[in-house]
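Please look over the sequence and the fold together before reading on.

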Amino acid sequence: MAAAQAPARAVGSAAASALESRFPGRVVIAGRDAAKAARLGGVRADVGDPAGFGRTLDGLGDVAAVVMCVEPPDGAAARACLERGTGLVDVGATRRLLDDVAGLHPLAAASGATAVLSVGVAPGLTNLLARRAHEDVGGAERIDLTVLLGSGERHGADAARWTVDHLAAPPAAGPLRTALPGFGSRTAYAFPFSDQYTLPRTLGTPRVATRLCLDSRPLTAALFGLRRAARRPAVRRALNAAFRRIHLGRDGFAVRADAHRGSRHCAYALTGRAQSRVTGLVAAHVTAELLGGALPAGVHHIEELPVFACLPESLAEHGVTLHRPAPGGGSLRG
């Protein structure tokens, strides 16, 4: 049985729908809102209450995997899964929480459970593109990851809050102008996606920077123009409200990974629509592999597992396009 701990919104619903099509009758929706979960034929589960979450797992019986589509306050819910031998697929993108779960590797290995982290678009597909580019240059000395999100896509309150909260972090790198297929040349600004912290460990690349822009140039300029002001709680509240109301662009997205080693350079990119939907599809694909029993026990980031190397190609049927480097060079056109 696969249990999806998720709200009935974009990421959770996409993951649950894709898994239900592969494993009919084996998917259980779980969420903090008991009435909403019941309407979906699911159960109540609160990742903020580890003891209660554990009781929910026990009550469901033989739960093979949990797809975590909400961010818990700490790693306790992950521990509840792994100590029971239950697999975990985590779409979280916060460095502290991913580090908490990664620290459970000995527990997972001992119980025979597998956890896969950095699952989604960014982190997730960005990690896989970074690994390809890294290998193509013979071991990157620097990797630049660029993420363009559609400002017309409707995100939930949690996603808006996460973005605004991380906007307030001091930038770790300068802006970068780069070509993104289908969107032209764009300026992206430093943003603390978790890949810039995990890839130095998993790939051994000393310098990794992640940057963000929106498909709307005016919104990108306004958003990052307010970066310093966003350190004030009142400004963050106003930005959260604005994010939920303003939808000026479309729902297309693009991600790009550039790897550098001396004079060598290689770049890969992906484009698609509805980033939240694609995140759910990636989570479902990873969960299906986990349920197949072929993944090693322990806690792993997605790029550490070779079985997912061709995941970008497998998403073509869902409208995701992989853009490869030009023969003999690393350039990509916008």
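Two residues are said to touch, or to be in contact, when heavy atoms of theirs lie within 4.5 Å. H285 is found in helix α12, residues 275-291, where helices (H or I, at least four residues) and strands (E, at least two) are DSSP runs numbered from the N terminus. Because its relative accessibility is 16%, H285 counts as buried, a word that stands for under 20% relative accessible area, with exposed meaning over 50% and partly exposed the range in between (1.4 Å probe, protein chains only).

This is a predicted model, in which local features need pLDDT of at least 70 and side-chain atom pairs count only at pLDDT 80 or more, while totals for chains, interfaces and linings use all residues. Residues are numbered from 1 along each chain as its sequence is written, and side-chain values use heavy atoms, with hydrogens and water left out.

Taken as a whole, the protein has 13 helices and 14 strands, and 54% of its 334 residues count as buried. Among contacts between residues at least 6 apart in sequence, 72% join residues at least 24 apart.

Next comes a pair of helices. The axes of α7 (residues 121-136) and α9 (residues 195-203) come within 11 Å and cross at roughly 40°, the axes being lines fitted to C-alpha atoms over the stretch in contact, with angles running from 0 to 180 degrees between N-to-C directions. That angle makes α7 oblique to α9, since under 35 degrees counts as roughly parallel, over 145 as roughly antiparallel, 65 to 115 as roughly perpendicular and the rest as oblique. In this pair, P123, T126, N127, A130, R131 and H134 of α7 meet D195, T198, L199, T202 and L203 of α9.

P123, which lies in helix α7, is also joined to A122 by a cis peptide bond, with omega near 5°.

Two further residues, neither of them glycine, have a positive phi near 60°: S118 and A274. S118 is placed in the loop between β6 (114-117) and α7, and it counts as buried because its relative accessibility is 0%. A274 lies in the loop between β12 (264-273) and α12, and with a relative accessible area of 15% A274 is buried as well.
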